[in-house]
Amino acid sequence: MYPQSPLMGQMMNQPLLISGILEFAARHYANSEIVSQRVEGDLHRYTFRDCHRRARQLANALEALGVRMGDRVGTLAWNGYRHLEAYYGVSGSGAVLHTINPRLHPEQLAYVCNHAENQYLLFDFCFLPIVEAIAAHCKTIKGYILLGDADRMPADSKIPNLLCYEDLLAAQTDEYAWPRFDENSASTLCYTSGTTGNPKGVLYSHRSTVLHAYASALPNVLNVSSRDTVMPVVPMFHVNAWGLPYSVPLSGAKMVFPGPALDGKSVYELMEAEKVTFSAGVPTVWLGLINYALQNNLKFSTFRRTVIGGSACPPAMMNTLIDEFGVEVIHGWGMTEMSPLGTTGGLLTKHMELPKAEQRKILQKQGHAIYGVDMKIVDDDGTELPWDGVAYGNLLVQGPWIAARYFKDEGGDVLQDGWFPTGDVATIDPDGFMQITDRSKDVIKSGGEWIGTIDLENIAMSHPAVMQAACIGVFHPKWDERPLLVVVRRPGQDVSREALLAHFDGKVAKWWLPDDVVFADALPVGGTGKIQKNKLREQYKEHRLPTA
Ligand code: ADP
């Protein structure tokens, strides 16, 4: 595809393969631990050496089942050691790991299994009812593998060809040489959550995954080292847990998997017991953890750093983590189509002398591009906009771990002149820090002008009585759409509509002020822990604004 120089370099041309990561970890950090809160209820611990041994047994088992290069193998599983074995055993053998979000609707689960043409499905036994519900509709699956011991196998089940993972492994040796093949071969398949229309598949390659793992471990990004204990709270079915199952083993750090126990108390206790130093997750999960720690007057003894992303990290959350708990917050931005990391927040040397409030404004931006990702903002005609921190436009990205198309060409040609349109609206400042103002589908179009909802939500959440807030556009006869703020109050706290509106005074332009506030008991949250604004828009579509 690219021209060759008359003088080519003379270095070893080794393909970048996912198996190489675990092989490295098992050889050079053999005794680093992997601790898992199991669906069985107990805590499991072993090392990278053990994980590598079992991943090779799995590769042998898959071969015995007839799984070949390029075949898709699905997983329906929480974060845990068996899921990690599948990450390496499946992809490492040349097959393609399709991680499935168990929170999808059964119809969507069957849809993605059929679309991916999965040959086998590995699943945690707690998902047995889901598998029973979809099995009859999954046309390509030859067998269902329950991730557990024989004593977990149901006595009678309608599931055809139900196999036991531990039995399959026990029948195999760990003698297995990871195959070498073209690094551009497919390794992993993830579907977007499909808030509009059917989910679309993003097909990663070994090369894209390894490059993303290298880059994401860098100091400016996640800064993972062999002295860390890393707890991926973000699920392994949500964009490969942001690459942590790859970047952590290559760094030699200890890993702690929380399994299904994602409530504040469970996460806190596991963090303390296993001395977790670094974690990653979406804001809704941290909300639970912070509330639990605050209510019980607890501090963290080893937890020092976290990445928060997937949706905007509310400044109030960032401030609490830094000021109350001494936890450094790295704001991260990305998406399924980007493997997922695109930018991470942080300060430059010149920012170190700034007052705290100014520093926070920088940290609250979604951050600086990671080497490997290029980005630009354009207007609706595709004209590039300046990096002045003011002009906002559609954010486009490019790079070796960014999707060029969707699986089976769903959605056709998606690139614009070689750039991937993210669907986000953003500013970029002269230092290269990007800030998302909104998703293009959430932006409120008021009289032809755009109102960014993230800013309004952050202001609402800076009120002490507000726990969560979401801003949506609702119909207005004169302006087409105006902002409605939906608020969940903190337990035991009160604030009136008027007091909340007064809280916005002087913080945004007058015409950005929400036209109304409604209070709710909870906000609808989707499969990846994000607030579902489409549901809110549906719920409040008949809401009459007092200004209408
Ligand atoms: P889905 O689009 O299915 O929700 P993704 O997890 O890929 O799945 O979501 C990517 C989107 O999430 C981004 O395009 C962006 O709109 C939003 N997002 C991710 N991180 C952030 C962040 N730090 N701040 C604001 N929005 C974010």
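Among contacts in the protein chain with a separation of 6 or more, 67% join residues 24 or more positions apart. The model is a predicted one.

**The chain as a whole**

The protein chain holds 16 helices and 25 strands. Its C-alpha trace spans about 70 × 65 × 45 Å along the principal axes. What radius of gyration does the protein chain have? The value is 24 Å. A compact globule of 548 residues would have a radius near 24 Å, so the chain agrees with that expectation.

Much of the chain is covered. Buried residues make up 57% of the 548 residues. The accessible surface comes to about 23,600 Å². Carbon and sulfur atoms account for 50% of that surface.

**Around the ligand**

The shell around the ligand has 16 residues. Ser193, Thr336, Asp424, Arg439 and Lys530 come nearest. By class, ten of the shell residues are polar, three are nonpolar and three are charged.

Which strands each supply at least two residues of this shell? They are strand S14 (328-334) and strand S19 (420-428). S14 gives the largest share, with four residues.

| Residue | Protein atom | Ligand atom | Distance |
|---|---|---|---|
| His238 | polar side-chain atom | oxygen | 3.0 Å |
| Ala312 | backbone N or O | nitrogen | 3.2 Å |
| Gln366 | side-chain N or O | nitrogen | 2.8 Å |

The protein also covers the ligand. Taken alone, the ligand exposes 560 Å². The protein buries 91% of that area.

Is Asp124 buried or exposed? Asp124 has a relative accessible area of 8%. The cut-off for buried is under 20%, so Asp124 counts as buried. Asp124 sits in the loop between strand S5 (118-123) and helix H5 (128-134). Leaving aside neighbours within four places in sequence, Asp124 is in contact with Val39, Leu76, Ala77, Trp78 and Leu147. Lys507 is elsewhere: Asp124 and Lys507 are 383 residues apart in sequence. In space, their C-alpha atoms are 48 Å apart.

Asp228 is also in a loop, between helix H7 (206-216) and strand S10 (229-232). Asp228 is buried, because its relative accessible area is 8%. Which side chain makes a polar contact with the side chain of Asp228? That partner is Arg305, at 3.4 Å. Not counting residues up to four places away in sequence, Asp228 touches Asn223, Ala253, Lys254, Thr277, Phe278 and Arg305.

**An enclosed helix**

Helix H9 covers residues 244-251. Why is H9 described as largely enclosed by the rest of the structure? Seven of its eight residues are buried, so the helix is largely enclosed. The buried residues are Leu244, Pro245, Tyr246, Ser247, Val248, Pro249 and Ser251. An α-helix has 3.6 residues a turn, so residues three or four places apart point the same way. Just after H9 comes Gly252, with a positive phi of about 80°.

Note on methods
Residues numbered from 1 in each chain as written. Heavy atoms only, no water. Near = heavy atom within 4 Å. Polar contact = N/O pair within 3.5 Å; in protein donor to acceptor, adjacent residues only side chain to side chain. Areas by Shrake-Rupley, 256 points an atom, 1.4 Å probe, with all protein chains shown as cover. Nonpolar A, V, L, I, M, F, W, Y, C, P; charged D, E, K, R; others polar. Buried < 20%, exposed > 50% of the residue type's maximum accessible area, 1.4 Å probe, protein only. Contact = heavy atoms within 4.5 Å. Rg over C-alpha atoms; globule rule 2.2 N^0.38 Å.
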